[in-house]
Amino acid sequence: MSSFAGPASALQVDVLRELLPALSSLELALLGAGVLVLLLGIAVAVAWYRRDPGERFSRTLSKRDEVAVLMHPNPDPDAMSSAMAVAAMAKAVDTEATLQYPGEIRHQENRAFQTVLGLDLNRVGRAADLAADEVVLVDHNAPRGFEGASSVEPFAVVDHHPGNGAGDDFTDVRTEYGACATILAEYFESLDAEPNPDDGGDGLELTDDLATGLIYGIQSDTNRLTKGCSEAEFEASAFLYPAVDQSALDRIANPQVSADVLETKARAIYDREVRGSFAVCDVGEVDVVDAIPQAADELTSLEGVTAVVVYGEHEGTLHLSGRSRDDRVHMGEALRAVVDDIPMADAGGHARMGGGQVSVDHMHGIGPSDGLTRDEFTGRLFAALDGDV
């Protein structure tokens, strides 16, 4: 037994010595193949992300049969024109798109935009109203303004506002841009969209309605290219301009204004209270809520006034709108500070523009607060503009 064990062990050792180099070569070959696959994967990923954003977005759309293009609450021309552009891109890749929004379309300019351009927009009251599970967000990066909004996970986001929202498959947020419409216009230019093709081809088309909508979206969000602009807004406008319908653009820009809106503006001008370079006005009861920000816009043109807040009541809620041309006043933070201790109140915004809503009952003392009169609320607004709240 022992005489057999010795030679067998020696034989096994010899065999192993012969196999080890072969095994090492096989392992090296497998390792090399694995590294090659990994490098190829990295190269594909790099190539994908280096690809033009417009092309990546178009390819992302093409993987869906249908999408819901969701605008922010009470959409403005920038949001509506951006949604129009996404729908056109979806059509070019045989994807069905439904344009949807929460809230209302109230401002006469926004209503004119929808009417003149013949937009088919669907209102959303809850998440179940979304036309598709696949959702694209435009001009905002986190769903809001409807029941179940927090449960919606968009696959794509195109926006120019600050925020942490992102799409599962595609995100293009450019906070340095003045309008979301600028980003979409760049997509069309990079994809060689043809302005109003005579043959009505199947490719990506820049129709006169879309060009008009996008250029007005840019103008409205940058106060006609005078505020918050980047070089991109001017370049996008130059690209869009040849296809713009000038008559339609004029009709959108100069809609008729209701008497209620004019009366609210007049009250803001005549009843304003000015302290130093700040102006605040309580315009009382209003029938048209959107008249409040329009009144705030009017007051900003007053000589010597650098920051204004206008507020009024509609159906038991105070609606606030502020504007600032003063580097000392961050309007969004000022308004947030004013309502911070009032239950069921919400306010905020950017440095130059802000807004908010306050329950009148809660402001007067319902809930865990001492309550404020309207005069005291006005005083608190002035204090916030001064940085004392």
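**Figure 1. Pairing of S13 and S14 in the predicted model.** Strands S13 and S14 pair in the antiparallel sense over four bridges; two strands count as paired if DSSP finds at least two bridges between them. Strands (E, at least two residues) and helices (H or I, at least four) are DSSP runs, numbered from the N terminus. Three residues lie between S13 and S14, which form a hairpin. Ala347 stands opposite Gly356 in S14. Residues are numbered from 1 along each chain as its sequence is written, and side-chain values use heavy atoms, without hydrogens and water. This is a predicted model, in which local features need pLDDT of at least 70, side-chain atom pairs count only at pLDDT 80 or more, and totals for chains, interfaces and linings use all residues.

Figure 2. The open sheet has six strands in the order S9-S10-S11-S12-S14-S13, with mixed pairing. Its edge strands, S9 (273-275) and S13 (346-349), each pair on one side only. Neighbouring strands are turned by 15° against each other on average, direction ignored; axes are lines fitted to C-alpha atoms, for helices over the stretch in contact, and angles run from 0 to 180 degrees between N-to-C directions. Within this sheet, S11 (residues 307-314) and S12 (residues 317-324) pair in the antiparallel sense over eight bridges, and His314 stands opposite Thr317 in S12. Helix H13 (residues 374-385) packs on the sheet and touches S9, S10 (278-285), S11, S12 and S14, its direction making about 150° with that of S10. Helix H11 (residues 331-339) lies across S11, S12, S13 and S14 (353-359), running at about 165° to S13. Contact means heavy atoms within 4.5 Å.

Figure 3. Six strands form an open sheet in the order S3-S2-S1-S4-S5-S6, and the pairing is parallel. S3 (121-123) and S6 (170-173) stand at the edges with a single partner strand each, so one side of each has no neighbour in the sheet. The twist averages 25° from one strand to the next. S1 pairs with S4 (residues 135-138) in the parallel sense over three bridges; the bridge partner of Ala68 in S4 is Val135. Helix H2 (residues 53-62) packs on the sheet, touching S1, S4, S5 (156-159) and S6, and its direction makes about 145° with that of S6.

Figure 4. Leu70 is found in strand S1 (residues 66-70). Its relative accessible area is 1%, so Leu70 is buried (buried means under 20%, exposed over 50%, partly exposed in between; 1.4 Å probe, protein chains only). Beyond its neighbours within four places in sequence, the contacts of Leu70 include Tyr101, Val124, Val136, His140 and Phe146. The C-alpha atoms of Leu70 and Val136 are separated by 6.0 Å, although the two residues are 66 residues apart along the chain.

**Figure 5. Confidence along the chain.** The protein averages a pLDDT of 89, and 85% of the residues score at least 70; pLDDT is the predictor's confidence in each residue, from 0 to 100. Over residues 1-5 pLDDT stays under 50, and the model has zero contacts there beyond four places in sequence. Over residues 43-48 pLDDT also stays under 50, with three contacts beyond four places in sequence. Where pLDDT is low, the predicted coordinates should not be read in detail.
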